[in-house]
Structures are given as C-alpha cells and as structure tokens.
Amino acid sequence: MRTTIAQIASFNRPVQLLLINQLTINIGFYMLMPYLAGYLSAELAMAAWMVGLVLGMRNLSQQGMFLLGGSLADRIGYKPMILAGLGLRVVGFAMLGLVDSLPGLIVASALTGLAGALFNPAVRAYLAAEAGERKVEAFALFNVFYQTGILVGPLIGLALLGVAFQWVCLVAAVLFLLLLIMQSRALPARRGDDRGRPSQSMLADWRQVLGHRSFLLFSVAMIGSYVLNFQVYLGLPIEVRRVTGGETGVAILFAVSGLLTVLGQVRLTGWVTARWTPAQAITRGLLVMAAAFVPLALASTAAPAAAGPWRWWSSALAVAPVLASGALLTLATMIVYPFEMATIVSLAGERTVGTYYGFYNTLAGIGIAAGNLLTGLALDTGRAQGMPWLPWVVLVATGLACATGIAALGKQGHLGPREHPAQAVRRPADAAAR
C-alpha cells in the first residue's frame with residue numbers, strides 16, 4: 001500500500017484528479033446499478049422484458065456512442081466531455097429515483113449510458129496524455145481506483161437500500177454533482193496532441209482508424225478477453241449460486257477481486273514492466289485468463305453443497321474453485337490492463353486517442369453482448385446434454401485463441417518493439433564492445 005501511495009504522489013495534480021474522478025464515478029455507479037433490476041421488478045412490478053429493456057438501453061446508448069464521444073473529446077477537448085458526461089449522469093441517476101413510468105426510465109437509462117460514452121474515452125485519453133512516458137504506471141493506478149470503486153460502491157448502496165432505493169439514486173446523483181463541481185474548478189483544460197495533423201472531418205478520423213490495420217487486428221484479438229472478463233458478472237455468479245444456493249459467495253467473489261487489485265496492482269505492474277515487453281505482458285496475461293476457467297471445468301461435475309450441520313464447510317469447498325477462477329481472472333486483468341491501454345495510445349500515435357479508445361470500446365461492447373449470448377447458450381446446452389464442463393472449456397479455448405493472436409501480432413511487429421527496452425539500451429554498447 002505504501003508503494004501505491006508513493007506512486008500516486010509521484011504524479012502531477014491532473015493525474016491525481018483523474019484517479020479521484022474514476023473512483024467517484026465507480027462508487028456512484030456501483031452503489032446503484034447492481035440493485036436497479038431488483039427495484040424495477042419488485043417495487044415497480046415491471047415485467048422481465050421491461051426490466052431488460054431499461055437495462056439494455058443503458059448498454060446500447062453507452063456502447064453505441066463511444067466512438068462519437070471519443071471523437072468529440074479529440075476535437076473540443078477532454079475536460080468539456082468529462083464535465084458533460086458527469087452532468088448527464090446527475091440527471092440520469094436522479095430520474096431513475098424520481099420517475100416510475102417506462103418511458104421516463106428508458107430516457108433515464110439512456111442518459112446514464114450516454115454519460116459513460118462521453119467521459120470514459122475522454123478520461124482515458126486525458127490520463128494517457130498527462131502521464132507521458134509513464135502511461136503503464138498511470139493505468140495501473142487507474143485500475144486500483146477503478147476496482148476500489150467497484151468494491152466500495154455496492155456496500156454504500158446496500159446501506160442506503162435499507163432506507164429506500166430512491167435514496168440510493170439521489171445520493172449517487174449528488175455524488176456526481178459534487179464531482180462535476182470539483183472537476184470544473186480544479187481540472188485543467190487539456191487536448192490531444194494535434195500538432196502536424198491536418199484538419200479533417202470526423203468521418204475522415206473514423207476512416208483513418210478503420211484503415212489502421214495493426215490497431216484493428218489488436219482490437220479484434222482482444223475482444224475475447226472482454227468476454228472472459230465479463231464472466232465475473234455472468235458465469236461465475238451463476239456457478240456460485242448453483243453450488244451454494246445463496247448470494248454470500250457472490251459478495252466474497254467481488255471482495256476478493258477488489259482487494260487483490262488494490263493491494264497488488266502497482267507492485268505487479270512494476271515487476272512485469274521490468275521483465276516483459278508490452279506484447280509479452282498481454283500475451284501471458286491472456287494465458288492466465290484462459291487458465292482461470294480450468295478450475296471450473298474440473299469441478300463442473302461437483303454436487304451442490306450438502307445441507308446439514310456441515311453445510312458451511314461443504315459450501316466453502318464447493319465455492320473454492322469459483323474463487324480460484326475469480327482470483328486468476330483478476331490477476332490476468334492486473335497484468336493485461338495497463339499494457340493494453342498503453343498499446344492503444346501507442347498505435348494511435350498520440351493523436352486522435354479519444355477516437356481510438358471510443359472505437360476500441362465499441363468493439364469490446366459488441367463482443368461482450370455476443371459473448372454473453374453464446375456463453376448463456378453454452379451454459380444451457382452443457383446442462384441439457386450432461387456436459388457441465390462445456391462453457392468453461394469454450395472460455396479456455398477463447399483465452400488461448402486471444403493469446404495466440406496477440407503473440408502473433410507481437411512477433412510481426414504490429415504492437416511495437418519485440419524486445420524489452422532494457423535490452424535495446426544494452427545492445428549498442430554490446431556492439432561497440434565487439
């Protein structure tokens with residue numbers, strides 16, 4: 001923890017503000033969203049299709065508008081887009097607590113998603129620009145603050161839920177309002193590096209991204225990693241409920257994930273940076289991600305926890321493979337994420353970074369939607385055909401395919417240097433000695 005604090009202090013004020021920004025965003029988001037479906041179905045007595053429509057509208061508006069949000073950030077600056085997104089999130093969250101009609105809730109959900117599409121690419125592009133050569137370190141810290149928000153947010157929301165769901169929404173809205181005021185006063189204005197880049201239309205920027213072969217190959221190769229990561233919210237909770245019959249294991253799963261990141265991210269990133277190239281780090285992290293589903297495949301035929309006086313011990317044994325998978329998934333993300341984000345900036349050439357992030361997130365969102373559908377089909381098929389290991393084996397294969405793709409791109413020079421910078425520094429000296 002001291003290492004993390006020291007590294008935070010080593011960055012300038014804008015980077016520190018962006019870290020606080022992401023922490024607050026995730027606290028506000030995760031104190032509300034995990035409980036929204038229950039509120040809509042239980043308190044508002046909405047049909048399942050209505051709940052799905054409201055929740056789906058947020059995802060659709062966010063993923064569908066990422067590219068536009070990133071491009072606007074490149075053109076008008078990062079700060080205005082961050083502030084606009086925070087403002088929309090204030091309105092959207094307040095509406096979720098104050099309206100109870102389906103049209104009103106759909107509008108609120110759409111505004112909430114659009115907010116994310118505006119500030120997410122801008123925050124990442126701003127962080128990359130401000131961090132300079134220390135992008136990997138900055139994104140490692142970013143992941144610490146990101147996961148801390150996920151860890152703390154649901155606990156605050158659960159406490160407020162004891163009063164009323166409306167309180168959860170309004171407190172989340174106030175949190176975003178306070179963040180908006182703070183960032184408007186304290187966050188310096190910042191734009192991307194457009195020196196030497198001719199003025200061109202937004203469509204021309206998009207064509208440039210679509211014509212960037214290395215970036216497209218990298219984006220496609222990484223889609224599967226988002227499908228695997230999302231199993232923390234889909235496959236793993238389903239498995240926890242199957243083997244334990246309750247929700248306690250789900251809470252433990254998220255706690256383990258958050259604590260691992262908070263306590264180990266900075267040290268792990270420093271260790272990896274000193275030994276591996278970015279391509280090697282991403283490839284090996286994806287291999288760990290694939291391995292994360294092996295415990296579930298091996299334990300897939302295990303019976304649910306038995307009832308009786310030994311139930312707690314039986315539940316602990318039953319949930320152990322799921323927790324092992326969750327821990328390995330978290331470890332893999334800790335390895336991959338900082339280098340993944342830095343690679344996008346490198347491929348973008350420090351220009352139109354917001355556009356590149358926006359396009360990348362759009363592809364990731366499409367991959368998550370398709371991957372969730374296919375994972376759900378694999379889960380159902382596996383149960384129906386007496387092959388409970390099927391979805392986990394498919395996910396292992398997906399991770400191996402992603403790792404193979406990234407390794408191939410690295411060897412072909414699509415992702416930057418093929419050797420560690422320290423080796424490149426030593427080589428001229430070695431040549432001179434000869």
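Guide: The account below takes the salt bridges, then the rings, and ends with a surface patch. The model is a predicted one, and the description should be read accordingly.

Side chains of opposite charge can pair when their charged atoms come close. In this model the count comes to three salt bridges. One of them joins arginine 75 to aspartate 205, with a distance of 3.0 Å from N to O. This pair links distant parts of the chain, since arginine 75 belongs to helix α4 (residues 48–76) and aspartate 205 to helix α9 (residues 202–210), 130 residues apart. Arginine 75 has a relative accessible area of 29% and is therefore partly exposed. Aspartate 205, in contrast, counts as buried because its relative accessibility is 2%, and buried means under 20%.

A further salt bridge is formed by arginine 190 and glutamate 130, whose closest N and O atoms are 3.0 Å apart. Arginine 190 is found in the loop between α8 and α9, while glutamate 130 is in helix α6 (residues 102–131), so this pair ties together parts that are 60 residues apart in sequence. Arginine 190 is partly exposed, at a relative accessible area of 27%. Glutamate 130 also counts as partly exposed, at 23% relative accessibility.

Arginine 134 and glutamate 137 make another salt bridge, and here the closest N and O atoms are 2.8 Å apart. Glutamate 137 is partly exposed, with a relative accessible area of 29%, and arginine 134 is partly exposed with a value of 26%. Arginine 134 has an aromatic contact as well: its charged end sits over the ring of phenylalanine 11, 3.9 Å from the ring centre.

The contacts between rings come next. A pair of aromatic rings is described by the distance of the centres and the angle of the planes. The model contains 15 aromatic pairs. Among them is the stacked pair of tyrosine 39 and phenylalanine 165, with 4.1 Å from centre to centre and 15° between the planes. Tyrosine 39 lies in helix α3 (residues 33–43) and phenylalanine 165 in helix α8, so their contact ties together parts that are 126 residues apart in sequence. Both tyrosine 39 and phenylalanine 165 are buried.

The pair of phenylalanine 142 and tyrosine 146 is tilted, because the ring centres are 6.4 Å apart and the planes stand at 35°. Both residues lie in helix α7 (residues 135–161), four residues apart, which is about one turn of the helix. Phenylalanine 142 counts as buried, at 1% relative accessibility, whereas tyrosine 146 counts as partly exposed, at 23%. Elsewhere, ring pairs link Phe215, Phe218, Tyr226, Tyr356, Phe359 and Tyr360 into a cluster.

The surface patch remains. Val174, Leu177, Leu178 and Ile181 make a nonpolar surface patch of about 330 Å². Leucine 177, one of these residues, lies in helix α8 (residues 165–186). Leucine 177 is partly exposed, with a relative accessible area of 38%.

Definitions and conventions: Residues numbered from 1 in each chain as written. Predicted model: local features only at pLDDT ≥ 70, side-chain atom pairs only at ≥ 80, totals over all residues. Heavy atoms only, no water. Patch = residues over 30% accessible without salt bridge, like charges linked within 9 Å, V, L, I, M, F, W, Y side chains within 5 Å. Areas by Shrake-Rupley, 256 points an atom, 1.4 Å probe, with all protein chains shown as cover. Salt bridge = Lys/Arg side-chain N within 4 Å of Asp/Glu carboxyl O. Helix = DSSP H or I, 4+ residues; strand = E, 2+ residues; numbered from the N terminus. Buried < 20%, exposed > 50% of the residue type's maximum accessible area, 1.4 Å probe, protein only. Phe/Tyr/Trp six-rings, centres within 6.5 Å; stacked < 30°, edge-to-face > 60°. Lys NZ or Arg CZ within 6 Å of the ring centre and 35° of its normal.
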